[in-house]
Amino acid sequence: VKAEIDLVLVAVTILGIWTRLSGIHFPNAAVFDEVYYGQFVSLYMKHVFFIDDSGPPFGHMILALGAYLGGFDGNFVWNRIGAEYSRNVPAWSLRVVPAVAGALSVPLGYLLVVELGCSHVAALVAALLLLTENSLVVQSRFMLLESVLVFFLLLAIVSYLKFHNAHSSGSGSSVSTWAWLFLSGAACACAVGVKYMGLFTYLLLLLLAGGHTWQVIGDRKLGNATVLCQVVGRGLALVVLPALLYLGFFYAQLSLLYRSGPHDQIMSSAFQASLEGGLSRITQGQPLEVAFGSQVTLRNVLSKPLPCWLHSHKANYPIRYENGRGSSHQQQVTCYPYKDINNWWIIKDPGRQELVVSSPPRPVRHGDIVQLVHGMTSHLLNTHDVAAPMSPHSQEVSCYIDFNISMPAQNLWRVDIVNRETEHEVWKTILSEVRLVHVNTTAVLKLSGVLLPEWGFRQLEVVGDRISRGHQQSMAWTVEEHRYGRSREQKERELELHSPTQIDVSRNLSFMSKFMELQWKMLTLKNEESEHKYSSSPLEWITMDTNIAYWLHPSSNAQIHLIGNIVTWSSANLGLVVFVLLFLWYLLRRRRKIEDIPHASWCQWTLAGAVCAGGWAANYLPFFMMEKTLFLYHYLPALTFKILLLPIVLQHLHHHLLRSSLHRRALGGLLLAWLSSVYLVHRRFCPLTYGQPVLSAAELGALRWRDSWDILIRQH
C-alpha cells in the first residue's frame, strides 16, 4: 500500500483547528447574531415550526445538530447580546460546528490553489493568509453561518476542479473521478441550503462546468456514447443531485418541526392544520365538505398586512365620510385579524329559508350561487354600486339592512374554486381557495389591506373589485373553522356558534404542497428593514471602512470585533486590480496574435480568474441590487476568493514577468517582509479577535487605525 501525505496540508489543517477551536467556549455569553440563530436552535430542540426568510433550513439544522449533541434542551431566552449563558446552554457545542467548518476552510483554500495549477509554495501562502485573516477567525468561532457557507463553497469548487483535472489527464472514467463531481454537486446543495448567497457560487460553477462540457461535446476523439454519458453524468451530479438534496433539507425540517409555533399565522390554514397543536386543535373534527347551512369562518389567503378573517359587527358605515362622500349606511363588513365570534358566517341556499344542514348534507360546488348570512346579526353579505370608504375605485361591501329606501338587496354570490381539479369540485374546508363573485355586478370579494379609521375600529377594509383580472391572493378565501349548523332559532344558533365541532376528517397536506408553500413564503416574506448601528454598504467593505462590535464585557475593556487584517485586505485589492489589468493586456495582445505567455499558462490564468475573480464578483456585486440591511460579514465569501487570487497573481509575476534571478530574489525578499507584516497585524488585533487579553483604554485607542472604526473604550 502506497500513501502520499502532504505534510504542509497537514500542518495548515492543524493550525486551522488550533486558531478556530481554541477557547471557543469564551465568552460564555450571546455574541451578536447568536441571539438571532439561537432562537431557531431552541425551536429545533422543541420541534416547534418556524420560518426564516434569510435562507433555507440546512444551516439552522447544522447549528441545531451541535446543540443536540451538547444536550441543549432549548430553554434559554435569546433576547439580548451579551446575555450570560445559563448552565444548560453548552456554548462549546453550539459553536463547534462553525469552528470546524472555518478550520477546514484553510486546507481547502490550499487545495484549491494547487488544483488551479499553482505551486505548493503559492498554496501555502494562500493558507497562511486565510489562517491569519482575523475576520474569518472571528466569524468561525461563534454560532454563525458564514464559516459554514465558505466551507461548502470551497469544497464545491475544489471537488469540481479535482474532477476536471482528472478528466483532462485522461482518467475521467474512474469511479473516484466521478465521486469528486458528485461531491461537488452535494456541496453546492449544502451551500445553497445554508444561505441563499450560496446560489451565486453555484451558478458560477454551473457556468464553468457548462463551458467544460461544451468542450467535451466538441471533442471528436470521443464517441457519441461517451459524450452522452459525460453530459448525463454531469447533469445528474450538478443539477439533479443538488435539487434532490435541497428538497431533502426541507423534508427533514418539516419532519423535525411538527409542532405549532409563533410563525404559523403567515402560513395557510391547511398548513397550520397539519401542525400539532395550534389551529389543528381548533379544526380537529371539522367536516371536510362545505354544505348549504354550514357555519364557517373565512380567512383571506393573502395574509397581508396581517392574517385576517371576514368579519361584521353591529356598527354601520358613517352616512358621510371625512371627505364628504356618502355611504350606504349599511352594516360594516371588514377583515379582522383576531379570532372572534363575529367572524362566523352561514352558507345559505338562496332558494330556501333554512339555515341548517339537511340530512344528508347538500355540498356546495364550484359555480353554485349562495348567500352568506352573518351568524350573530343574521344580515346577508351584500355589495352594490357605492364607492368603498377607503378605496373609492372599488365597491362597498356591507351586510344588508332594509331601511325602506330605494336600495334593493344584492346578496347573491357565485362560488369560484380557484384551485379546483374538476368543474364540479366540492368546496372543501381549509383545502379550497375560493373567490366569491357578486352575481349582480361581477365584483369579487377582496381584501384591500387598507386600515379603516376609528369608526371602523382600525380593522382592514374589504371591497368588491370589478377591475382586477386574474388570480390574486387578496381575492381568495379559505374556510378555516367549520361546523354543520343544526339550530333553527337565532338564540340557539348563537350558542351553537360558541360550541366545538365533532366530526373527524383528516386533511394532511402532501410534502410537495408544504414545500411549495414554505418556499414561496420564504422568498416573498419581507421583514421590516431598519437601520442598524453596524449596518454598512458594499462600497465600505472593499477598504474595510466599517467594523462590527460583536461582544463587550460588562465591566472591563474585553471585547470582540469583526475586523479584518488590513494588510491582507489591501493586498488582496491590489492583487485583484493587477489580475484584471494583466488579463486585459494579455487578451488584447492575443487578439493581435502576440502570445506573451504559453498557451497552457494562459489557460491556467483564465481558469484562476474564472474561479477566484469570478467567485469574488459573484459573491459581491449582487449586494448592490439587494434591498436589505447589510453587514460586513456578508463580504466574507467574496473576500475568501479574493485572498486566494493573490498568491496566484504573485506566482504569475514571479514566473512570467520577472526575467532575471535578481528580480525574483528581490520579490522573494519583499514577500517575506509582507508575510511578516500580515502576521504582525494579525497578532496586533488578536485581543479583538479572541476577546483576550484585556487591553487598557490607551491600547484600545491605538488599535483604531481608521476613524470610521467603532472601538468601544471604557474609561476606568
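Leaving aside its neighbours within four places in sequence, which residues is Leu 112 in contact with?

1. Contacts of Leu 112. In this predicted model, Leu 112 is in contact with Leu 154, Ile 157, Val 158, Leu 161, Val 611, Cys 612 and Leu 644, once its neighbours within four places in sequence are set aside.

2. At least three residues of the core come from domain 1 (103–143 + 538–715), and at least three come from domain 2 (147–256).

3. Domains. The protein is divided into three parts, namely domain 1 (103–143 + 538–715), domain 2 (147–256) and domain 3 (294–484). When the centres are taken over C-alpha atoms, domain 2 and domain 3 are separated by 52 Å.

4. A nonpolar patch on the surface. Phe 182, Leu 228, Val 232, Leu 236, Val 239, Val 240 and Leu 244 together form a nonpolar surface patch, and their accessible area amounts to about 600 Å². Helix α10 (residues 224–256) contributes the largest share of the patch, with six residues. Leu 244 has its place in helix α10, and because its relative accessible area is 53%, where exposed means over 50%, Leu 244 counts as exposed.

5. Salt bridge between Lys 533 and Asp 710. The structure holds 17 salt bridges, and in one of them the side chains of Lys 533 and Asp 710 meet at 3.5 Å, N to O. This pair links distant parts of the chain, 177 residues apart, with Lys 533 in the loop between α14 (511–524) and α15 (538–542) and Asp 710 in the segment after α21 (697–702). The two partners fall into separate accessibility classes: Lys 533 is exposed at 63% relative accessibility, whereas Asp 710 is partly exposed at 24%.

6. Salt bridge between Arg 706 and Asp 545. Arg 706 and Asp 545 form a salt bridge in which the closest N and O atoms are 3.7 Å apart. Because Arg 706 lies in the segment after α21 while Asp 545 lies in the loop between α15 and β13 (548–552), the pair ties together parts that are 161 residues apart in sequence. Arg 706 is partly exposed at 25% relative accessibility, and Asp 545 is likewise partly exposed, with a relative accessible area of 26%.

7. Further charged pairs. Arg 590 forms a salt bridge with Glu 595, and here the closest N and O atoms are 3.9 Å apart, a value to be read against the limit of 4 Å used for a salt bridge. Glu 595 is exposed, with a relative accessible area of 54%. Elsewhere, a network of salt bridges links Arg 299, Lys 339, Glu 480 and Glu 481.

8. Cis peptide bonds. Phe 26 and Pro 27 are joined by a cis peptide bond with omega about -5°, and Pro 27 is found in the loop between α1 (7–21) and α2 (34–45). A cis peptide bond also joins Gln 692 and Pro 693, with omega about 0°, and Pro 693 is found in the loop between α20 (686–690) and α21.

9. Positive phi angles. Arg 458 is not a glycine, yet its phi is positive, at about 55°; the residue is found in the loop between β10 (444–451) and β11 (460–465) and is partly exposed, with a relative accessible area of 45%. Met 544 is not a glycine either, and its phi is positive at about 55°. Is Met 544 buried or exposed? Met 544, placed in the loop between α15 and β13, has a relative accessible area of 1%, and because buried means under 20%, Met 544 counts as buried. The loop between α15 and β13 also holds Asp 545, the salt-bridge partner of Arg 706.

Key:
Residues are numbered from 1 along each chain as its sequence is written. This is a predicted model: local features need pLDDT of at least 70, side-chain atom pairs count only at pLDDT 80 or more; totals for chains, interfaces and linings use all residues. Side-chain values use heavy atoms; hydrogens and water are left out. Domain bounds come from an automatic or database domain assignment. Patches are made of residues with over 30% relative accessible area and no salt bridge: like charges are joined within 9 Å, nonpolar side chains (Val, Leu, Ile, Met, Phe, Trp, Tyr) within 5 Å. Accessible areas come from the Shrake-Rupley method with a 1.4 Å probe; for residues, only the protein chains shown count as cover. Helices (H or I, at least four residues) and strands (E, at least two) are DSSP runs, numbered from the N terminus. Buried means under 20% relative accessible area, exposed over 50%, partly exposed in between (1.4 Å probe, protein chains only). Contact means heavy atoms within 4.5 Å.
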